[in-house]
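Dear colleague,

I am passing on the structure we spoke about, and below it I have set out what was found. Please read the notes with the structure open beside them.

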Amino acid sequence: MGTPLRWLARRLLLALMVVFGAANAVFFAFRLLPGDPVRSVLGSTNPTPELVEQVRHELAFDQPLAVQYGRFMGRLFTGDLGDSYQLQQPVGEVISSQLWPTVQLAAASFVLALLTAMTVAVLTANRPRARRVSSTLELVAASTPAFWIGMLLLALLSFRLKWFPAMGGSGAAGLVLPAITLAAGMAGVFTQVLREEMERALEQPFVLTARARGSGETAIRLRHALRHGLIPLVTLAGWAVGALFGGAVVVESVFSRQGLGQVTAGAVAGRDLPVVTGVVLVSAVAFALINLAVDVLYRLIDPRIDERSIG
Amino acid sequence: MRYPTGVRRAVALALALGCVATGCGSGAAGGGRDGRITYAVDSQPDCMDPQISPYDITAALSRNVFDSLVTMDARGQIGPWLATSWTISGDGRTYTFRLREGVRFHDGTPFTATAVKATLDHTVAPETKSQYAAGLISMYESATVVDDHTVKVRLSRPYTPLLQVLSTATFGIQSPAALRTNRGKTCLHPVGSGPFVFAGWARNRRIDLDRNPDYAWAPKGAGHRGPAHVAGLTVEFIPESASRFGALSSGQIDIAAAVPPSHISRLRQADGFRFLRAPQPGAPYTLLLNPYRAPLDDRRVRQALQHAVRLDDLVKALYSGQYDRAWSVLTPATAAYDAKAEGSWPYDAETAARLLDSAGWTGRDEAGYRTKDGKRLTLHWPYMNGLMRDQRALVGQGIQAEAKRAGIEIRFTALEPGAYLEKAIGRDADILAFSWNRAEPDIMRSYFASDQTAKQGGSNAFGVKNAQLDGWLHEASATRDRERRDALYAKAQALVNSEALALPVYAPATLLGAAERVRGVTFDVQAYPRFYDARLEE
């Protein structure tokens with residue numbers, strides 16, 4: 001039993017290093033940007049020289065880089081993300097108040113994309129005509145910008161038919177259009193991967209055996225091929241986290257939704273370093289945890305992976 | 001035929017879910033909003049403390065939450081509000097205000113002289129980190145509470161625009177008790193005495209303002225007395241203009257701010273909608289020209305640029321006639337605007353060509369640009385996207401194309417905020433452009449007085465140092481003789497044009513789209529909407 005535990009410990013350590021690396025990246029990236037960070041923080045409204053110097057001192061930008069770095073990391077390790085420059089609110093508060101709507105949106109979109117992909121792939125695998133139509137649509141879905149899809153949905157379903165609200169989005173009604181928008185591209189990618197893998201599975205000898213046993217086509221597709229096809233999707237889950245979070249920035253502003261995406265967009269535009277750092281750390285943690293979960297899942301789905309894996 | 005219960009239950013559930021999802025088709029349109037107005041704006045305030053935040057949106061919303069000491073009417077006349085009367089000492093440095101009695105803040109505390117002192121002290125305190133307000137009262141020395149309803153404000157130098165400054169939403173009077181208990185958190189807890197009470201802020205989504213039931217101190221000029229007509233104001237943040245407009249036209253909101261000028265004609269043709277417009281005072285969107293760096297250090301080149309651009313056509317094409325083409329560095333809605341500027345520097349390609357010839361830019365390179373000693377006539381115009389509302393990037397491209405016809409190359413470059421500010425503060429540019437909403441011609445001093453450079457917190461981007469301008473603008477800010485003031489500002493406006501220190505482009509206006517049933521929305525002198533008199537008609 002020692003090996004799986006050691007494996008897990010090592011993976012956790014790696015995950016921690018990913019988060020630490022992300023913190024470093026954001027610290028140095030911010031300092032590499034051109035211009036005076038204090039001026040950027042204060043915006044373009046001609047602050048008085050006294051105010052500029054006062055803020056420079058408060059944010060320790062008048063200290064040597066090493067001191068700034070030490071201060072930054074020291075606070076990070078105590079879990080203190082500092083206060084947002086723009087919002088005058090602790091970063092922890094800003095993020096925790098906006099995390100839930102984004103998690104809701106991401107989860108709903110992921111489930112929607114997965115269900116769509118499973119349905120379409122099961123229906124179209126190894127069926128040339130349906131496949132051709134569907135794969136064109138998938139390509140369109142995967143390559144249409146979320147912004148555009150969102151505007152089309154709004155124009156038709158909100159402005160014209162008035163089925164869904166155009167803004168806000170608390171409750172189920174407000175979640176529908178944003179979730180569809182965010183899911184569309186992902187569903188396209190998922191379907192392509194899933195069908196490819198299912199078609200490969202349908203040519204395997206075990207499928208022939210199943211057919212020989214007299215299993216029906218539906219049973220074969222659902223029980224054997226689909227289950228096989230889902231394995232690469234597990235790998236894609238890591239990518240999906242990034243895609244969902246990146247997409248949330250666009251979708252949340254098109255639909256005027258609360259969430260981390262809007263916070264991120266505002267913080268990057270206003271160079272709100274504490275908030276940007278907080279968001280980067282939260283997404284790094286999410287990324288690391290999902291990837292860890294994916295690895296664990298692999299070992300459960302297919303125990304052979306254990307032996308050849310890096311763990 | 002009877003369906004099995006399972007199926008019936010499923011159908012009922014589906015219908016119920018459908019209703020949740022669609023509001024059964026009724027939720028979106030009209031009614032059922034409990035007499036509240038839903039107002040969609042394009043940006044969210046960073047902070048709701050008007051003395052901290054420099055942004056228009058904060059001032060615009062604050063106008064409904066806070067009252068000011070005095071009020072300014074459309075003709076620029078100052079009238080009483082929270083102050084019933086005032087006297088100004090002979091040296092112009094002491095203002096004594098008599099304050100209104102019976103006014104209460106939203107937290108229930110009474111309004112007294114302490115509140116005026118606390119608000120002004122709060123503005124200039126270093127820990128407030130005021131980004132705009134403190135700069136407006138840099139001459140503020142101290143305030144003294146004489147008795148409960150008398151306060152003396154002392155200045156370090158005479159400053160005639162003080163009353164205008166104090167009339168703005170930026171100087172809304174805050175509850176001293178709230179300032180004390182919310183220290184460091186005033187951004188999230190604005191407590192004033194205005195017709196609407198700040199009732200909550202769902203970040204990135206909306207701000208709720210509720211009617212103040214005790215309100216009885218509206219300034220003269222308001223449409224009624226007593227509390228506001230509507231139960232409240234729901235301010236939704238919808239940054240996408242297409243979404244905002246769609247939400248208005250489908251009845252999901254009552255008023256939309258920042259309607260794109262190109263959508264106005266559609267709004268006018270549609271049934272059930274109205275369009276409200278208020279021209280903004282202050283400095284129009286203006287290109288400041290760098291007179292201390294070649295090639296614009298030659299006045300003839302600056303003048304050539306004035307005559308080379310068909311601004312009338314450009315502004316009309318881009319803004320569908322909703323914004324006026326500007327002729328002066330003050331907009332027509334500003335007191336002391338000099339209408340004589342109109343037509344004084346018309347489009348004239350021949351004059352532009354002659355001026356460039358005489359300045360020595362006689363050669364032409366293969367791209368068609370003018371050259372002198374083998375060097376191309378090139379102007380650098382950096383900008384940052386954050387400042388480019390109203391399709392200003394298109395304005396820039398239009399001017400660029402016009403200049404090209406005259407043989408002038410304009411490099412119109414988008415920069416990151418940091419890089420932009422570095423260039424702007426370092427004066428590493430030939431053109432910098434922005435606008436400034438302020439109902440006071442003193443804005444010209446910020447643009448052209450030599451002690452108002454960007455480093456000093458002013459808007460004199462290129463550090464123009466002109467003894468005449470300095471003299472006129474300083475005298476105008478100190479004199480109380482209205483005619484003298486107007487004459488000084490007229491001279492200053494004429495000089496800026498004749499020296500071609502700037503190229504004013506268009507005078508912005510506040511454009512609101514409203515459902516027909518919304519009545520009585522008014523504008524203050526800064527063209528910020530006021531909802532005190534607003535009502536909903538059924």
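Which residues are exposed on the other side of H4(A)? They are A:Ala66 and A:Phe77, where exposed stands for over 50% relative accessible area, buried for under 20%, and partly exposed for what lies in between (1.4 Å probe, protein chains only).

Before going further, please keep in mind that this is a predicted model, in which local features need pLDDT of at least 70 and side-chain atom pairs count only at pLDDT 80 or more, while totals for chains, interfaces and linings use all residues. Residues are numbered from 1 along each chain as its sequence is written, chains are lettered from A and ligands numbered from 1 in the order in which they are written, and side-chain values use heavy atoms, with hydrogens and water left out.

To stay with H4(A), its buried residues are A:Gln68, A:Phe72, A:Met73 and A:Leu76. These lie on the same side of the helix, because they cover an arc of only 120 degrees around the axis, taken from the directions from the helix axis to the C-beta atoms. Just after H4(A), A:Gly79 has a positive phi of about 80 degrees. Helices (H or I, at least four residues) and strands (E, at least two) are DSSP runs, numbered from the N terminus.

Turning to the interface, chain A and chain B bury about 3,900 Å² between them, 57% of it on carbon and sulfur atoms; this is the accessible area (1.4 Å probe) that two parts lose on being put together, summed over both. Chain A gives 48 residues to the contact and chain B gives 47 residues, with contact meaning heavy atoms within 4.5 Å. One salt bridge is found across this interface, a salt bridge being a side-chain nitrogen of Lys or Arg within 4 Å of a carboxyl oxygen of Asp or Glu. It joins B:Lys129 to A:Glu58, with the closest N and O atoms 2.7 Å apart.

Over all chains the count comes to 41 salt bridges. In one of them B:Asp312 pairs with B:Arg325, the closest N and O atoms being 3.5 Å apart; B:Asp312 counts as partly exposed at 41% relative accessibility, whereas B:Arg325 counts as buried at 13%. Another joins B:Arg405 and B:Glu402 at 3.0 Å between the closest N and O atoms, and these two residues are separated by about one helical turn because they are three residues apart in helix H12 (residues 392–405) of chain B.
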